[in-house]
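Please look over the model below before reading on. The paragraphs after it go from the whole chain to two of its residues.

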Amino acid sequence: MTSEGGTAGPQRAMGRPRATSPAVLERLAFELFARKGFDETTVDDIAAAAGIARRTFFRYFSSKNDLVWGDFEGQMRRLRELLDEADPHVPMMDAVRRAVVEFNRFDPQDVPWHRQRMQLILGVPTLQADATLRYASWRSVITAFVAERTGAPVSALVPRLAGNVVLSACVSAYEFWLASGEETVLADVLDEALRQVSAGLSAVLDGAGSVSA
């Protein structure tokens with residue numbers, strides 16, 4: 001093919017358009033993970049599917065593991081914002097529950113992708129080291145909120161306890177959701193799990209101001 005003036009124009013690869021956004025790279029990678037498995041899929045495979053160079057992939061994600069988590073820092077900012085927006089007159093654990101449930105609401109069209117993401121995060125051994133670090137960041141958001149509400153330092157026992165218990169409840173809820181049929185609504189499972197733990201934590205949190213590090 002030639003351009004209008006008869007000069008040879010730039011060759012453009014046929015087939016899938018070049019992917020140049022994190023969201024598109026994620027979707028392409030998840031398609032490959034579903035077909036080949038996470039461990040068997042390489043960064044080169046993802047780059048080739050997207051029609052980009054390997055080095056371009058690393059402009060968006062530092063690793064294949066990083067891709068699975070998506071915009072994790074952005075999501076942590078959103079969780080903090082939801083907690084910051086909580087009515088100060090609402091009981092603390094109700095505020096935590098509402099924020100976490102809202103944080104985990106997804107458009108119906110995004111639910112299958114999120115289900116696949118969490119199946120990878122909770123089920124692939126090679127992602128567990130990353131999961132430990134990400135969970136620590138997630139837990140620290142809850143711990144800081146509880147510390148601020150109770151007036152205790154973040155190093156105190158009760159804020160630490162609250163952060164760990166809420167995280168465990170959420171992981172348990174996700175495991176149940178993934179094991180259940182697709183008709184199960186994630187937000188409902190999280191709401192129920194956090195209501196269960198809130199009853200036990202509320203008594204502890206009432207006296208949190210007197211518990212030191």
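What follows describes the chain as a whole and then two positions within it.

This is a predicted model, in which local features need pLDDT of at least 70 and side-chain atom pairs count only at pLDDT 80 or more, while totals for chains, interfaces and linings use all residues. Residues are numbered from 1 along each chain as its sequence is written, and side-chain values use heavy atoms, with hydrogens and water left out.

The chain holds 10 helices and zero strands, where helices (H or I, at least four residues) and strands (E, at least two) are DSSP runs numbered from the N terminus. Of its 213 residues, 42% count as buried, a term that means under 20% relative accessible area with a 1.4 Å probe, protein chains only. Among contacts (heavy atoms within 4.5 Å) with a separation of 6 or more, 69% join residues 24 or more positions apart.

Leu178 belongs to helix H9, which covers residues 157-179, and it counts as buried because its relative accessibility is 18%. Not counting residues up to four places away in sequence, Leu178 touches Arg115, Met118, Gln119 and Leu122. Leu178 and Gln116 are 62 residues apart in sequence, yet their C-alpha atoms lie 9.0 Å apart in space.

Asp191 sits in helix H10, residues 186-206. Its side chain makes a polar contact of 2.7 Å with the side chain of Arg195; such a contact is a pair of N or O atoms within 3.5 Å, and within protein one must be able to donate a hydrogen and the other to accept it, while residues adjacent in sequence count only if both atoms are side-chain atoms. Leaving aside neighbours within four places in sequence, Asp191 is in contact with Arg97 and Val101.

Definitions and conventions. Buried < 20%, exposed > 50% of the residue type's maximum accessible area, 1.4 Å probe, protein only.
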